[in-house]
Amino acid sequence: MSRPGWANLAMGKADLIVTGGTFHTMDISTSNAEAMAVRGNRILAVGSIADINSLAGPNTRRIDARGLTVTPGFIDAHSHPLMANEAISTDVNVRQISKVQSLLKERAQRTPPGQWVMAHMYDDTKFDEGRALTRQDIDAVVPSQPVMVRHRGGHTGVVNSKAFAMAGIDTDTPDPEGGRFFREDGQLTGKVAELAMDVFNDVGEWPVVDRDTNRKGASLMTKRMAASGLTSTTDAAGGLEDWISYMDALDAGELYSRVAFMPRGNTPIYSMMKEAGMRSGFGNPMLRVGAVKYAADGSASERTMRMSTPFEGTDDYGILTMSQEQIDAAVDDAVANDFRIGIHANGDVTIDMVLTAYERVLKNWEGTNPRFRIEHCSLVNPELLRRIKATNTVPTPFYTYAYYHGNKWVDYGPEKMRSMFAHRSFIDAGIMVAPASDFTPGPYEPMMALQSMVTRQDSQGRVWGENQRISAAEAMQVCTMNGAYASFEEHDKGSLTPGKLADFVLLGQDPLTTDPNALKDIPIAATYLDGQAVFEA
């Protein structure tokens, strides 16, 4: 056994020692680790049991990890933890339209007259009835109040006839630029997409929640994420209330995973941060400002992303929500204010537009590459891969989608799926592909992510893009070191390396030896943040 890795920390004994488990450090210099020592909130040393035991003192806590696997804390580089606000909205992640109707009727009875009735986590492909929710379904149970049922993807929703009437929308109303009111046989179905959803923002009375409730929401969601093995997540398009919620939870000692906060562009929080001189990297290890976030096209899971070829059996190429000029202006503004930028671009057309903007800015760039991001970066091709690598852009493709959203990939077809969520292609091209759940649109559980990336099988056993499979070891790298790289924090987390933050997870099984089709079922025994347990089974 080689000598252990040592951190340049203050002299003294370890506060915590972990021994007995299988260690996957994600650091080649400590790959033969048998034990780990923690002092304060940092890893003190990693090495042999004998060497690490020599650091024990009379007050050293111990973890016996026999039968468990020790890994770095997992990282989610793109999620929306606070998007589902259960204080004002009903969760309709159910499998029958009739159940959605019952939940909406119940919510309406608890909602003041005239106020919007809200629901979230709707998924059009998961119903036993084999069809999507319609405005007529909603009208049947809530005819006199406006209703918005938001898709879990966040890019579409279903509204009732009352909502259309209040907004002055009828069958002759044209689609707004960057949005769509869906129709069948000339009649509104109730489905609204992208910027068409914004039409309702100033119509009627929307429910609000108080600051304390928002704080509790931030606490609850980060606690749930910690229970899945996540020690760091990313709010990829936060608003002012979201920032305050995380701050309040942190001050109360109730923030259970680290948060990289990406302010949404063209919103008050982004304007305030620029005016105050805040920029990407501002904050502390628990809550830090990330890149500014914009969205330039539609959704993968809701089938609205902009592509060069249409969806299967249609003439629908998807929706652009930003022009090239708007993308260029957003990048220029971010750079001028020392912000990194991440632009949501799912389709190949949109990815090309974003890369065009990045290439223009980087042409005469001096200093450290800013690691601009492409959020989702779903549908790629060899030329796009070349340009992503050349600009050192960080893509954040969905990591649980192949498994969880299988029914949706029928609309893309097998050939497109060979180039979507292209983890294999990114890795082979030498691109630091980052881990992303996009929760609520996708589940955030890292163990499901490993299974999805390794097998490319959905929950029904169908394979989508088998050429994009990666190994369990590569998937672990994506979910740890690559996640840290995406936020310029690889010096602080992502591996069990002396000097880094003591964020680690105890798994009930070893992902590298578990049946790939059972990876999602690996239990999380405990999650540690700063060397302290934030979850124990």
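In this predicted model, I343 is in contact with Y294, A296, I327, V331, V354, Y358, R373, I374 and E375, its neighbours within four places in sequence being left aside. I343 is found in strand 19, which covers residues 341–345. Its relative accessibility is 0%, and I343 therefore counts as buried, the cut-off for that class being under 20%.

**The nonpolar cores**

The largest nonpolar core has 75 residues, and the members that touch the most other members are I327, I341, I343 and F426. Helix 9 gives the most to this core, contributing 8 residues. Apart from this core there is a second, separate one of 18 residues, which includes V18, V38, F504 and A526.

**Helix packing**

Two packed helices are described by the angle between their axes and the distance between the axes.

| Helix pair | Angle between axes | Distance between axes |
|---|---|---|
| Helix 8 (residues 324–336) and helix 9 (residues 348–362) | about 40 degrees | 9 Å |
| Helix 9 and helix 10 (residues 382–391) | about 30 degrees | 10 Å |
| Helix 14 and helix 15 | about 130 degrees | 9 Å |

Which residues of helix 8 and helix 9 meet? From helix 8 come Q324, I327, D328, V331, D332 and V335, and from helix 9 come M353, V354, T356, A357, Y358, R360 and V361. By type, the residues of this contact between helix 8 and helix 9 divide into 8 nonpolar, 2 polar and 3 charged. The axes of helix 8 and helix 9 are at an angle of about 40 degrees, and the two helices are therefore oblique to each other. Helix 8 passes helix 9 in a right-handed crossing. I327 and V331 from helix 8, together with V354 and Y358 from helix 9, take part in this packing, and I327, V331, V354 and Y358 are also among the contacts of I343.

Helix 9 packs with helix 10 as well, at an angle of about 30 degrees. That angle makes helix 9 roughly parallel to helix 10, a description that applies to angles under 35 degrees. The crossing of these two helices, helix 9 and helix 10, is left-handed. On the side of helix 9 the contact involves D348, I351, D352, L355, T356, E359 and L362, which meet L384, R387, I388 and T391 of helix 10. The residues in this contact of helix 9 with helix 10 comprise 5 nonpolar, 2 polar and 4 charged. T356 of helix 9 is listed in the contact with helix 8 and also in the contact with helix 10.

Helix 14 and helix 15 form a further pair, with an angle of about 130 degrees between them. That makes helix 14 oblique to helix 15. Their crossing, that of helix 14 and helix 15, is right-handed. Helix 14 supplies L450, M453 and V454 to the contact, while helix 15 supplies A472, A475, M476, V478 and C479.

**Backbone details and a buried loop residue**

Most residues other than glycine have a negative phi, and most peptide bonds are trans. Several places in the model depart from this pattern. A237 has a positive phi, near 135 degrees, and is a residue other than glycine. A237 is found in strand 15 and counts as buried because its relative accessibility is 11%. F488 likewise has a positive phi, of about 60 degrees, although F488 is not a glycine. F488 lies in the loop between helix 15 (472–486) and strand 22 (504–507), and at a relative accessible area of 27% F488 is partly exposed.

The peptide bond from F439 to T440 is cis, with omega near 15 degrees. T440 has its place in the loop between helix 13 (423–428) and helix 14 (446–455).

Is S228 buried or exposed? With 7% relative accessibility, S228 counts as buried. S228 lies in the loop between helix 5 (211–227) and strand 15 (230–238). Setting aside its neighbours within four places in sequence, S228 is in contact with Y444, E445, P446 and I524.

Terms used
Residues numbered from 1 in each chain as written. Predicted model: local features only at pLDDT ≥ 70, side-chain atom pairs only at ≥ 80, totals over all residues. Heavy atoms only, no water. Axes fitted to C-alpha atoms, helices over the stretch in contact; angles between N-to-C directions. Helix = DSSP H or I, 4+ residues; strand = E, 2+ residues; numbered from the N terminus. Parallel < 35°, antiparallel > 145°, perpendicular 65-115°, else oblique. Left-handed = near helix turned anticlockwise from the far one by under 90°. Contact = heavy atoms within 4.5 Å. Nonpolar A, V, L, I, M, F, W, Y, C, P; charged D, E, K, R; others polar. Core = buried A, V, L, I, M, F, W, Y, C linked by side-chain atoms within 4.5 Å. Buried < 20%, exposed > 50% of the residue type's maximum accessible area, 1.4 Å probe, protein only.
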